Amino acid sequence: MMRIVKYPQPNEWKQLLARAATANDNVLEKVKSILEEVKKNGDKALKRFAKKWDNAELTELQVTKEEMEEAVTLVSEELKEAIQQAAKNIEKFHSRQMFKEELVETTPGIVCWRKAVPIEKVGLYIPGGNAPLFSSLLMMGIPAIIAGCRRIVLCTPPTKEGKINPAILYTASLIGIAEIYKTGGAQAIAAMAFGTESIPAVNKIFGPGNNFVTAAKQLVQQYGVAIDMPAGPSEVLVLADETANAGFAAADLLSQAEHGADSQAILVTTEEELALQVQNELQQQLSNLSRKELATPSLSNSLIIITKNFAEAIELVNEYAPEHLIINCRFADVIAEKIVNAGSVFIGAYTPEAAGDYASGTNHVLPTNGFAKAYSGLSIESFVKKISFQKISAEGLKIISSTIITMAEAEGLDAHANAIKIRSNV
């Protein structure tokens, strides 16, 4: 069960809030080997890895049209309707992120502007296994489509029968992604980074995964392939006061813990009585979970922190920079204004993290491991690049020519100065 820590001093916070270590040297070496084999042997390596790790004998890597059509019949109408509603909300929220840059005349005769251009080829990775994350496909696929990416490639691991989870295929079909490949793990990241006979190389790779996937994404950046963000195990911090419902808080902590043993859940409060009530609720609710074997070790690595006052609690939250922050307090809106480091913030007793994970409309692909201090969650901007443009008339150049020449000569860059002089006869 979660350990209770009372009144830690600020100089103890860093060690107290430390996340579990991510990829170690052993993992990195194994991943390097996988990357090299895929780079060298392409599809042959992917099929070998599918047999080795997924127990799947594959003749073709790409999902066929027939498999897509079959998947539609295998998903219940109830789940289809749920996915459709979630997709509608996600599309509505993300479509408002499109923007039009203004032309700016910085000096008479000098006009500058920026243009958002879609990344041409993007790769999406969706884990399979016991928890096929079709919700993550909505979160990545919809913004990619809205942004206008020309080619969207999806990789996800097959079952031992060589199939892809029907919910993943139905979701892909619903939002308009048809290029899907049966490969998972670090080898899928390698395939999208380097390209194989079947799978095209992409410009940027998105998606969650285990330590091997995370390490692969970090390593392929050395080959000029961009990734969405640094990622580690998922995490939540619940900030609660005396008005919080202990059952709500426990349910939110468990919804994070069930992701896996390395997930982290933290409760921060000033109320010792609430801390004890949450402990009791955790025990009761945990016994009813189908994934309690995964949630239990996660809770043993998680914390309940009792602070002296709420100002200190808010400071601690910003130091931790949680992926998900739930503010279950009387003055939740006021507190939310004081949060500067978090991936996504859930305000009030009736705003659980699960809503954002699935269907409220915000994106659930978020920075973890403290990277919320510098990174944003996934958005339309993740799928575009911004190019700056400028156009200068002869008169405009004349106005700033002496400024440029003076600065260039001061830096010892005569050719820069000459590029101005030759145009302005200075």
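Q: What counts as a pocket here?
A: A pocket is an open set of points on a 1 Å grid over the protein atoms alone, where a 1.4 Å probe fits and protein lies on both sides within 12 Å along at least five of seven lines. This is a predicted model, so to speak: local features need pLDDT of at least 70, side-chain atom pairs count only at pLDDT 80 or more, and totals for chains, interfaces and linings use all residues. Residues are numbered from 1 along each chain as its sequence is written, and side-chain values use heavy atoms, leaving out hydrogens and water.

Q: How much space lies in the second largest pocket?
A: About 330 Å³, taken as the space filled by probe spheres set on the points, which are joined across faces, edges and corners.

Q: And which residues lie nearest its centre?
A: Leu366, Ser376, Gly377, Leu378 and Ser379, out of 20 lining residues (those with an atom within 4 Å of a point). Strands E7 (204-206) and E13 (344-347) each give the lining at least two residues; a strand is a DSSP run (E) of at least two residues, numbered from the N terminus.

Q: How many of the lining residues are charged?
A: Three, alongside eight nonpolar and nine polar ones.

Q: Switching to sheets: what is the order of the five strands?
A: E6-E5-E4-E7-E8, in an open sheet with parallel pairing (two strands pair if DSSP finds at least two bridges between them). E6 (180-182) and E8 (226-227) are the edge strands, each pairing on one side only.

Q: Which strands does helix H9 lie across?
A: H9 (residues 211-220) lies across E4 (121-125), E7 and E8, at about 165° to E7.

Q: Where is Gly209?
A: In the loop between E7 and H9. Gly209 touches Pro127 and Thr214, leaving aside residues up to four places away in sequence (touching means heavy atoms within 4.5 Å). The C-alpha atoms of Gly209 and Ala231 are 8.5 Å apart, though 22 residues separate the two along the chain.

Q: Is Gly209 buried or partly exposed?
A: Partly exposed, at 37% relative accessible area; buried would be under 20% and exposed over 50%, with a 1.4 Å probe and protein chains only.

Q: What about the sheet of three strands, what is its order?
A: E2-E3-E14, open and antiparallel, with E2 (104-107) and E14 (384-392) at the edges. Three bridges join E2 to E3 (residues 110-118), and Thr107 stands opposite Ile110 in E3.

Key: Helices (H or I, at least four residues) and strands (E, at least two) are DSSP runs, numbered from the N terminus. Ala, Val, Leu, Ile, Met, Phe, Trp, Tyr, Cys and Pro count as nonpolar, Asp, Glu, Lys and Arg as charged, and the others, Gly among them, as polar. Axes are lines fitted to C-alpha atoms, for helices over the stretch in contact, and angles run from 0 to 180 degrees between N-to-C directions.
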